[in-house]
Amino acid sequence: MDYVTLQPSNKPTVSQQAQIDRKYGMFIHFGINTFNDTEWSNGKLPIESYNPPIIDADGWIKNAYEAGMNYVILITKHHDGFCLFDTKYTDYGVNHSKNETDVVLEVAKACRKYGVKLWLYYSLWDRHEKCYKDDEKYVDYMCSQLTELLGGKYGEIVEVWFDGGWDKKADKWNIPKLYDLVHRFQPNCVCAVNVTIGYTWCKKSLRKFLPEKYKEGMPIRYFPSDFRLWDPNFTREDDPKLYKHDGKLYYMPFEATICLRNMRNWFWDTKYTKDRLVSTDFVVDKYNLLVGSQNTLVVNVAPNIYGKQEQEDVDRLMEIADKLGIRRKWQGE
């Protein structure tokens with residue numbers, strides 16, 4: 001069977017152009033780390049520790065809508081392997097926790113209500129799953145979970161954001177198979193693997209392939225990918241869009257991702273509200289840079305242990321929206 005793959009082009013596909021047109025979105029990092037005062041964990045945190053009293057998915061998405069954002073990216077599984085959706089392939093997830101709410105489903109419902117598009121983050125790296133070191137079995141495991149996520153239960157998914165590829169050599173992930181699965185279930189979806197451009201994951205490569213240093217024709221590390229990622233970095237104003245694989249050039253926009261707190265504060269922790277908020281002018285400037293160069297910007301706003309986003313974060317989002325002239329008021333029920 002031939003895999004669905006990315007075709008050489010010097011202009012965006014319909015799906016890539018739709019991505020570019022969405023411009024601005026919200027990243028939502030939430031999971032077992034939220035309840036253990038940590039950014040990354042090793043897959044051994046007790047499942048009982050995940051215990052939000054509510055999941056205010058409606059509030060999260062309403063905040064995104066009113067802040068002028070057109071999509072959200074939700075963590076479905078971080079590097080720790082803990083799943084925020086009902087899955088039958090692991091017992092390390094919400095359906096085995098004290099609060100069994102399928103967070104992905106609640107966010108999907110809220111996205112439909114507010115007309116906000118849904119993107120899903122899924123970590124390739126999994127520090128909990130027992131079959132992880134068996135590359136073939138683990139790829140099958142991922143395909144099973146991605147089928148759960150993309151097979152229709154959660155409706156339209158317009159992007160899949162893969163992360164953690166650095167933990168194995170690029171060819172161990174079977175990206176062509178994952179890309180094919182994504183596009184067969186969700187034909188209008190785009191997907192990519194973080195740190196998309198470059199040869200190998202090493203310090204020399206990291207310095208050479210920073211997004212602000214991208215040049216046309218640089219190699220695609222994870223092929224096929226529909227766009228480029230490297231959080232939390234930014235491109236320059238004359239960001240090139242054509243990158244090379246197997247001697248052919250492919251059009252690839254860039255998605256920049258930042259945190260509203262302290263630039264790298266992805267998950268809420270006990271010091272979260274003491275960390276500085278990124279300035280309104282900084283986000284406005286980056287919005288104009290990214291959107292003006294046919295790229296996109298995502299701002300991470302982490303819900304707390306009570307399942308809600310911090311009011312100071314919401315206020316800053318609205319300040320940004322007011323300055324950009326994109327703020328909206330929800331008129332529905």
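**Exercise 1.** At what angle do helix H4 and helix H5 pack, and how far apart are their axes?

*Solution.* The model is predicted: local features need pLDDT of at least 70, side-chain atom pairs count only at pLDDT 80 or more, and totals for chains, interfaces and linings use all residues. Residues are numbered from 1 along each chain as its sequence is written, and side-chain values use heavy atoms, leaving out hydrogens and water.

Step 1. Helices (H or I, at least four residues) and strands (E, at least two) are DSSP runs numbered from the N terminus. H4 spans residues 135-150 and H5 residues 175-185; they pack at about 15 degrees, with axes 10 Å apart. Axes are lines fitted to C-alpha atoms, for helices over the stretch in contact, and angles run from 0 to 180 degrees between N-to-C directions.

Step 2. Angles under 35 degrees count as roughly parallel, so H4 is roughly parallel to H5.

Step 3. Contact means heavy atoms within 4.5 Å. H4 contributes residues including Val139, Leu146 and Leu150, while H5 contributes, among them, Leu178 and Phe185.

**Exercise 2.** State the strand order of the open sheet and identify its edges.

*Solution.* Step 1. The eight strands follow the order S5-S4-S3-S2-S1-S10-S9-S6, with parallel pairing; two strands pair if DSSP finds at least two bridges between them.

Step 2. Strand S5 (190-193) and strand S6 (228-229) are the edge strands, each pairing on one side only.

Step 3. S6 and strand S9 (residues 254-259) pair in the parallel sense over two bridges. The bridge partner of Arg228 is Phe254 in S9.

Conventions:
Parallel < 35°, antiparallel > 145°, perpendicular 65-115°, else oblique.
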